[in-house]
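Work through the exercises below with the sequence and the model side by side. Try each task before reading its solution.

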Amino acid sequence: MAAMDFHTYDNTLYEKVYQTAYQAAAELIETAGMKAGQILVVGCSTSEVGGEKIGTYSSPELAAKVFGGIYEAVQEKGIYLAAQCCEHLNRALILETEAAEKYGYEPVNVMPQPKAGGSFATAAWQAFADPVAVEHIAAHAGMDIGDTLIGMHLKDVAVPVRLSIRQIGEAHLVCARTRRKFVGGVRAVYDERYL
């Protein structure tokens, strides 16, 4: 497959990124069995989406498309979206204040920018009704777009999810759901609904 050229604006490529992001999020939500009120964490390198090395080509235009597709999918199901910032903000997260309050996450004072937090987190900040930054969450599922390392923001037992979509733009896509911990010994019996 030939690489996409995002350096020259092409509405067709941007629309493809939007649709791919939407489809991936919708498929993950379905596969993970997510319920309204749960949290989907997303880390996204727009540099990688555009075919560049992570941290070198932050693109608000690509971020708007990736974010827009994922946000449409989560809104349809009543799921909260948490946008992971880059390492310059210690991978803090942007989410709606309502979600932070529901889960008891302590807000911190920072506003992401394309070069300090990342374009994806900035797009979230701009789109959310009442955005807030927090340092730690325990999300129910996650999307890692471009190897941004979201694992620290998932619940304790993360399970890889293989989607039909393997990349968004030029970025590698890895997804996970979480499940309840198994406790007990050899005689324990588990509820298969939560495997």
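**Exercise 1. In which helix is Ile29 found?**

Solution. Ile29 is found in helix H1, residues 11-32. Helices (H or I, at least four residues) and strands (E, at least two) are DSSP runs, numbered from the N terminus. This is a predicted model, where local features need pLDDT of at least 70, side-chain atom pairs count only at pLDDT 80 or more, and totals for chains, interfaces and linings use all residues. Residues are numbered from 1 along each chain as its sequence is written, and side-chain values use heavy atoms, with hydrogens and water left out.

Next, accessibility. Ile29 is buried, at a relative accessible area of 4%. Buried means under 20% relative accessible area, exposed over 50%, and partly exposed in between (1.4 Å probe, protein chains only).

Then list the contacts (heavy atoms within 4.5 Å). Neighbours within four places in sequence are set aside; Ile29 then contacts Met34, Ala73, Val74, Lys77 and Ile79.

Last, relate Ile29 to Arg177. The two are 148 residues apart in sequence, yet their C-alpha atoms are 8.8 Å apart in space.

**Exercise 2. Describe the surroundings of Arg177.**

Solution. Look for a charged partner. Arg177 is buried yet has no salt bridge. The nearest side chain of opposite charge is Glu192, 12 Å away. Lys and Arg count as positive here, Asp and Glu as negative; His and the chain ends are not counted.

Now look at the backbone. The Arg177 side chain reaches the backbone oxygen of Leu195 at 3.2 Å.

Finish with the contacts. Residues up to four places away in sequence are not counted. Arg177 touches Ala32, His140, Ala141, Val157, Ala158, Val159, Val161 and Leu195.

**Exercise 3. How many salt bridges does the count come to, and which residues form them?**

Solution. Apply the rule: a side-chain nitrogen of Lys or Arg within 4 Å of a carboxyl oxygen of Asp or Glu. The count comes to three salt bridges.

- Glu87 pairs with Arg91, the closest N and O atoms being 4.0 Å apart. Glu87 is partly exposed at 46% relative accessibility, whereas Arg91 is buried at 17%.
- Lys181 pairs with Asp156, at 3.1 Å between the closest N and O atoms. This pair links distant parts of the chain, 25 residues apart: Lys181 is in the segment after S9, Asp156 in the loop between S6 and S7. Lys181 is exposed at 53%, and Asp156 is exposed at 66%.
- Arg193 pairs with Asp191, at 2.6 Å between the closest N and O atoms. Arg193 is exposed at 66%; Asp191 is partly exposed at 33%.

**Exercise 4. Which residues of the largest nonpolar core touch the most other members?**

Solution. Start with the rule: a nonpolar core is a set of buried Ala, Val, Leu, Ile, Met, Phe, Trp, Tyr and Cys residues joined through side-chain atoms within 4.5 Å. The largest core has 42 residues, and Leu40, Val66, Ile70, Met143 and Ile145 touch the most other members. The elements giving two or more residues to this core are H1, strand S1 (39-44), helix H3 (60-77), S2, helix H5 (119-127), S6 and S9. H3 gives the largest share, eight residues. Another core, of 16 residues, lies apart from it; among its members are Leu93, Ala99, Ile137 and Ala139.

Terms used: Polar contact = N/O pair within 3.5 Å; in protein donor to acceptor, adjacent residues only side chain to side chain.
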